Amino acid sequence: MTYADENAHREPPIAGDETATLLGSLDRQRATLAWKTGGLDASGLRATLGPSSITLGGLLKHLAFVEDFYFSYKLCGRSPGQPWESVDWDANPGWDWRSAAEDTPEQVYALWRDAVARSRATVAEALTDAGPEQLARGDWPEGRVPSLRRILVDLIEEYARHVGHADLIRESVDGLTGEDPPR
């Protein structure tokens, strides 16, 4: 089976420092999402469950956006890049979720993998400047500026919530169940 992320099984260190534990926890969530969405054709990535319109492809595209938005734009104050810059988010809220149905599996997997790679590089670069306590440089509402630590925790939470969605959808597609990708 092919996964969206070739580093399929990751887990945080058992007794690591704060930064290694946060990054390990985020990578574990990424790896679990990759496993839950991996190896599917377009039909599998477009499947929904019950009354929800959430799809596995939509989850991948949404999380690609979240990666670029939080780490490039919110943490570093840089452009989130394409395709996000050309979207009129006011006129088309939820574009990331819906537009995934127009993408091939290869496109949506690549978009997510590339966003994760950029995020890992951005966080590594930021950590060479300072630790997880450093403050973000992007625009934040109400003048509140979070630390990198808080952004990492927010991303772990975002992934964990969506991995739960992926669990249910993937089981409905082909019966795949389990907590962790195979080693």
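Author: Pro83 sits in the loop between α3 and α4 (95–99). The helix names follow DSSP runs numbered from the N terminus, where helices are H or I runs of at least four residues and strands are E runs of at least two. The peptide bond that leads from Gln82 into Pro83 is cis, and its omega is near 5°. This is a predicted model, in which local features need pLDDT of at least 70 and side-chain atom pairs count only at pLDDT 80 or more, while totals for chains, interfaces and linings use all residues. Residues are numbered from 1 along each chain as its sequence is written, and side-chain values use heavy atoms, with hydrogens and water left out.

Helix α3 itself covers residues 56–75 and has 20 residues. From its first C-alpha to its last, α3 reaches 27 Å, close to the 28 Å expected at 1.5 Å a residue; the expected span is 1.5 Å times one less than the number of residues. The helix has a kink of about 30° centred on Phe69, where the bend at a residue is the angle between axes fitted to the seven residues ending there and the seven starting there.

Most of α3 is covered, with 17 of its 20 residues buried (buried is under 20% relative accessible area, exposed is over 50%, partly exposed is in between, with a 1.4 Å probe and protein chains only). Lys74 is part of α3. With a relative accessible area of 10%, Lys74 counts as buried. Apart from neighbours within four places in sequence, Lys74 is in contact with Phe69, Ala136, Arg137, Gly138, Asp139, Trp140 and Pro141; contact means heavy atoms within 4.5 Å.

Glu142 belongs to the loop between α5 and α6. Although Glu142 is not a glycine, its phi is positive, at about 60°. Its relative accessibility is 70%, so Glu142 counts as exposed.

Next comes the packing of α3 against another helix. Two packed helices are described by the angle between their axes and the distance between the axes. The partner is α6, residues 148–174, whose axis comes within 10 Å of that of α3 and crosses it at roughly 175°. The two helices are therefore roughly antiparallel. Angles under 35 degrees count as roughly parallel, over 145 as roughly antiparallel, 65 to 115 as roughly perpendicular and the rest as oblique. The axes are lines fitted to C-alpha atoms, for helices over the stretch in contact, and angles run from 0 to 180 degrees between N-to-C directions.

On the α3 side, the residues that meet α6 include Leu56, Leu59, His62, Val66, Tyr70 and Leu75. On the α6 side, those that meet α3 include Leu148, Ile151, Leu155, Tyr159, His162 and Ile169. By class, this contact divides into 14 nonpolar, three polar and three charged residues. Here Ala, Val, Leu, Ile, Met, Phe, Trp, Tyr, Cys and Pro count as nonpolar, Asp, Glu, Lys and Arg as charged, and the others, Gly among them, as polar.

How does the span of α6 fit its length? At 1.5 Å a residue, its 27 residues should span 39 Å, and the end C-alpha atoms are 38 Å apart, which agrees. Its buried residues, among them Leu152, Ile156, Val163 and Ala166, pack against α1, α3, α4 and α5. Ser172 is also in α6, but its 40% relative accessibility makes it partly exposed. The C-alpha atoms of Ser172 and Ala47 are 8.5 Å apart in space, while the two residues are 125 apart in sequence. Beyond neighbours up to four places away in sequence, Ser172 is in contact with Thr48 and Leu49. Just after α6, Gly175 has a positive phi of about 85°.

Helix α1 (residues 18–37) packs with helix α5 (residues 105–129) at an angle of about 175°, and their axes are 12 Å apart. These helices are therefore roughly antiparallel to each other. Their contact has eight nonpolar, three polar and three charged residues.
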